[in-house]
Amino acid sequence: MGSDSKIHTFEEVAKHNKNEDCWLIISGKVYDVTPFMADHPGGGEVLLSATGKDGTNDFEDIGHSEDAREMMEKYYIGEIDEETVPQKRTYIPPHQMSNDTASEFFIKLLQFLVPLLLLGLAISLRNYTKKE
């Protein structure tokens with residue numbers, strides 16, 4: 001790694017998201033892993049899935065060996081400008097619908113009346129078919 005490493009923006013790195021041109025962000029560093037795509041034990045698709053975002057969690061979750069970490073050095077091309085990386089999105093639950101007592105009452109009424117109507121229809125049909 002050179003002492004005067006290039007600073008890349010997130011937008012610049014995100015453009016490199018193909019098999020023929022693949023850059024990753026891991027721990028604030030940018031790696032051009034294009035030459036490694038065919039050799040990656042998990043396949044090139046795994047590397048592609050980490051493009052367009054900070055792939056640090058993906059990388060750390062796998063538990064890479066020290067050899068893998070040392071191998072990364074030859075793909076290092078610079079640092080990421082942290083100010084350009086989008087903030088992680090926090091989960092916002094969907095808007096809860098208010099409890100409308102009128103609609104709840106209507107649903108409970110239907111749950112009671114529909115079976116009664118079906119029972120009445122069945123009894124009427126049975127009586128009608130007996131007469132003939």
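**Briefing: pockets, strands and surface**

The largest pocket holds about 430 Å³ of space. Of the 22 residues in its lining, F36, H40, L47, F59 and H64 are the closest to its centre. The model is predicted. The protein has 132 residues, with five helices and five strands.

**Largest pocket**
- Four elements each supply at least two residues of the lining: β3, α2 (44-49), α3 (56-62) and α4 (66-72).
- The lining of the largest pocket is made of 16 nonpolar, five polar and one charged residues.
- Rolling a probe the size of a water molecule over the atoms shows where empty space is left.

**Second largest pocket**
- The second largest pocket has about 270 Å³ of space.
- Its lining includes F10, G52, K53, D54, T56, N57 and D58. E82, V85, P86 and K88 also line the second largest pocket.
- Helix α3 gives the most to this lining, with three residues.
- By class, the lining of the second largest pocket has five charged, three polar and three nonpolar residues.

**Fold and strand pairing**
- Along the sequence, the order of elements is β-α-β-β-β-α-α-α-β-α.
- Strand β5 (residues 76-80) pairs with β1 (residues 6-8) in the parallel sense, over three bridges.
- In that pairing, H8 has I80 of β5 as its bridge partner.
- Strand β5 also pairs with β4 (residues 29-32), here in the antiparallel sense and over three bridges.
- V30 has G78 of β5 as its bridge partner.

**A loop residue to look at**
- Where is S27 found? S27 sits in the loop between β3 (21-26) and β4.
- The phi of S27 is positive, about 55°, although S27 is not a glycine.
- S27 is partly exposed because its relative accessible area is 48%, which falls between the 20% limit for buried and the 50% limit for exposed.

**Whole-protein figures**
- Of the 132 residues, 23% count as buried.
- The protein exposes about 10,300 Å². Carbon and sulfur atoms supply 58% of that area.
- Take the contacts between residues at least 6 apart in sequence: 67% of them join residues at least 24 apart.

Methods
Residues are numbered from 1 along each chain as its sequence is written. This is a predicted model: local features need pLDDT of at least 70, side-chain atom pairs count only at pLDDT 80 or more; totals for chains, interfaces and linings use all residues. Side-chain values use heavy atoms; hydrogens and water are left out. Two strands pair if DSSP finds at least two bridges between them. Buried means under 20% relative accessible area, exposed over 50%, partly exposed in between (1.4 Å probe, protein chains only). Contact means heavy atoms within 4.5 Å. Accessible areas come from the Shrake-Rupley method with a 1.4 Å probe; for residues, only the protein chains shown count as cover. On a 1 Å grid over the protein atoms alone, a cavity is a set of points where a 1.4 Å probe fits but cannot get out, and a pocket is an open set with protein on both sides within 12 Å along at least five of seven lines; lining residues have an atom within 4 Å of a point. Grid points are joined across faces, edges and corners, and a volume is the space filled by probe spheres set on the points. Ala, Val, Leu, Ile, Met, Phe, Trp, Tyr, Cys and Pro count as nonpolar, Asp, Glu, Lys and Arg as charged, and the others, Gly among them, as polar.
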